[in-house]
Amino acid sequence: LLLHNVSRYHRGMYQCQAFNAQGKGKSEEVVLRIQYAPVCSEKQRQSYGVAKNEEIDVSCSVDSDPQDIVFWWIFNNTVAETRTIKTFDNNLMKNRSIVKFAPETQMDYGALYCFAKNSVGTINEPCIFHIVPTGPPESLQNCSIMNQTFNSLSFLCEVGDDGGMKQTFHLEVYSMRKELLLANITQYESPNFTVRNLPAGTAFVIAIYSSNNKGRSSTVVLTAATLYSTAMQIEEKNRSIIGIVLLVSLAAVGTLALLAAAALVTVFKNKARSPTREAAPTGHEMIHKTSNSQKTTFENG
């Protein structure tokens, strides 16, 4: 077996096997060891969210052969200020170094560079770990109802800033009148919610928010309602018909009342306009008045 341009990926156990008509055979296992300078281990956490004055452990792992590894750390902030980290621990495991880091000001956020070397050489590219400020996530954006049925509601929102940490998404359903919590849903991947088993033809208050280990966002409040079922639609239609009949009846009664009132007003106005007539004197009264008049004349004569 001849290997060209060997690298660390060729290291491991090798064994030769042969076959013929009589059977098969194999050689003893041979260990191929490839010595190489340190390289960053795969699948490491590369971003750390931390609040001011909060201490975190940043871990740097490398692969190398041999493991006579020497580590050192350098910090670089957002304004290109560089400083060497002098205190770190690499006694627990030969291929790992851990530094304790606690940002005190905004200038302490940036990137930590982990360097390593062994007897073969120095790491080509340092392992980089980003230190970012954290806090509660921003509120969700553009939340809207996507689907309505007789007993379910679906909502979709856009994700806001996660505050530097993984966030989860929450939806709560409250009754409109009594403000009772009817449903509570948590989503871990995206703010896409579907609430089922709701009563038909009912209005609800919907509260949607996100959260992380630092707290929760402000709440987005919506109102939504399930659709009416067929039975409820028929009942509502019957109620509408009854309401129309009652309305027409009340209108007719009101019209008659207005007409009656108008007639009474007209009668009273006519009476008020007619003059008061004096009663005509009777024949006896006229003779009596004439006699009295003549008597007065004679007395004067």
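Predicted model: local features only at pLDDT ≥ 70, side-chain atom pairs only at ≥ 80, totals over all residues.

1. A disulfide is a covalent bond between the sulfur atoms of two cysteines. When the bonded cysteines of the chain are numbered in sequence order, they pair as 1-4, 2-3, 5-6.

2. Cys40 and Cys127 form a disulfide with sulfur atoms 2.0 Å apart, and since the torsion about the S-S bond is about -115°, this disulfide is left-handed. Cys40 belongs to strand β5 and Cys127 to strand β12, so the pair ties together parts that are 87 residues apart in sequence. Cys40 is partly exposed at a relative accessible area of 26%, whereas Cys127, at 3%, counts as buried because the cut-off for buried is under 20%.

3. Cys60 and Cys114, whose sulfur atoms lie 2.1 Å apart, form another disulfide, and it is left-handed, with -85° about the S-S bond. Cys60 is in strand β7 and Cys114 in strand β11, so parts 54 residues apart in sequence are tied together. Both Cys60 and Cys114 are buried.

4. The link of Cys143 and Cys157 is right-handed, with 120° about the S-S bond, and it joins strand β13 to strand β14, the two cysteines being 14 residues apart. Cys143 is buried at 14% relative accessibility, as is Cys157 at 6%.

5. Which strands form the open sheet, and in what order? The order is β13-β14-β17, with antiparallel pairing, and β13 and β17 are the edge strands, each pairing on one side only. Four bridges join β14 to β17, and Phe155 has Phe193 in β17 as its bridge partner.

Terms used
Residues numbered from 1 in each chain as written. Heavy atoms only, no water. Pairing = 2+ DSSP bridges. Disulfide = S-S within 2.5 Å. Buried < 20%, exposed > 50% of the residue type's maximum accessible area, 1.4 Å probe, protein only.
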